[in-house]
Amino acid sequence: MRTIYALVAKDFRIFWNDRMAFVLTFFVPMALITIFGFIFGGGGSPSGIRILVVDEAQSETSAKLIGFLQEEETFRVLTKRTISEEESVPLDREYAASLLKSDAGSYRYLLVFPKDLVDEEFGLNMELLYNPQNTIEYNIVQGILQKTLFARAFPLLLESSDYGLDDELRQSFDLGLAEVISEHFGGDPELILEEIQSDGFWAMSELGSGGEAAGEGSGTDIFSGIFNLELSQVYGKNKNPAAQSVGGWAVMFLLFSLTGAASSLFEERDKGLFFRLLSGPASRAQVLWSKFVFCSSLGLLQMIVLIIFGELLFDIITSAGQILPLLVVSVLTATAATAFGMLLSSIAKTPAQANGLGTLFILGMSAFGGAMMPLFMMPEFIRTFISPFTLVYWAMDGILAVLWRDAALQQILPNLAVLGGISVVVLAFSLWRFRRGDLFR
């Protein structure tokens, strides 16, 4: 038994002396628990979804409606555009609509309050231009808009001077409404009247209008003749929503595959293959470049196969014009992922370290980059200050731009430039590390 204890103690000393293995064993899981726990548990409900609002009516009613929208934490309401550091002007329809097309990644919803916002008879006229790039996000936005406009704007109409509803008429309306509710649903009309006049009734009605917005026979049908919300889809017509997920999962598994392929450098070193190669005409640079070309080619092949699979399964490619942009963004995604894999191989000392670091960074980049879940579900500071620093973010955005918005090659140049820059910088650092490391020793 003493011998067993001695051997166990020896293994623990070896494990402790390998500080990187110690960190990967305990701190990588802690980091992943923190990342996903914060996203799913600490982020709360979706917030900061940008919605452009054009106020052509310029009335007291439109100003109050904008105020209602601004109170919703889900929305980040934008009503002005900046001309200079000191000057900003209200958004106009033409400029706001152009943002939906020129910067569809940031702006996907435009609500317009037209000049005839208040209907001549009784109601409100509004327009919503939208890009349902993410179906879940769009349903949330539509539901909250309905909740806000249907529930909170209705008492606003009753108070509007445009219809001449003075206090006496309002009292008569409230009393009639209380009697109808009492007749059909029960309850004391006087208590119901008090609830209506204290605005408690309208506060409770928000829950019903928002929660039943999408169902047949919902409360929104009651208001269909009062609120005219004209919908106009900007992008994604006749597209399969599955196009939104194909790119994300393809990029995430591409990273796993290429990290493993690049880590095979350790296996070749341990088997003495490098010494045999270096004793011949091959140089260190040629060995590394051959590995880079192999991994990049393998990654491109994987991307092509997965996109073809998505096409066969979900019909995600809708025009021949999408093929060239998809090919180019796949090439640069594969090279950036290969450079990332070689970076891990250059800073790690063992295959276990490379795999542990790879798991941490790949899952982190996939989560923050939007491959695992929609970005709108994350806190706004993550979307602003962390997501754009991941290659997953730029690769996914480029693929989605082509599949969902039919973006041409020149329209995804920023994505291609970032992916190319990542490849060059990361690969240069990796080669520098290989020269100083002990891979070839």
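Predicted model: local features only at pLDDT ≥ 70, side-chain atom pairs only at ≥ 80, totals over all residues.
Helix α11 makes a right-handed crossing as it passes helix α12.

**The α11/α12 pair**

- Helix α11 takes in residues 284-314, while helix α12 takes in residues 323-347.
- Two packed helices are described by the angle between their axes and the distance between the axes.
- For this pair, the axes come within 8 Å and cross at roughly 135°.
- Angles over 145 degrees would count as roughly antiparallel and 65 to 115 as roughly perpendicular, so α11 and α12 end up oblique to each other.
- On the α11 side, the residues that meet α12 are L288, F292, C295, S296, G299, L300, M303, I304 and I307.
- Across from them, α12 brings L326, L327, S330, V331, A334, T335, T338, A339 and M342 to the contact.

**Strand β1 and its cover**

- Strand β1 spans residues 49-55 and is mostly covered.
- Of its seven residues, six are buried.

**Partners of β1**

- Strand β2 (residues 75-78) runs parallel to β1, and four bridges join the two.
- In that pairing, L52 stands opposite L78 of β2.
- Strand β5 (residues 109-113) also runs parallel to β1, again joined by four bridges.

Key:
Residues numbered from 1 in each chain as written. Heavy atoms only, no water. Buried < 20%, exposed > 50% of the residue type's maximum accessible area, 1.4 Å probe, protein only. Pairing = 2+ DSSP bridges. Axes fitted to C-alpha atoms, helices over the stretch in contact; angles between N-to-C directions. Parallel < 35°, antiparallel > 145°, perpendicular 65-115°, else oblique. Left-handed = near helix turned anticlockwise from the far one by under 90°. Contact = heavy atoms within 4.5 Å.
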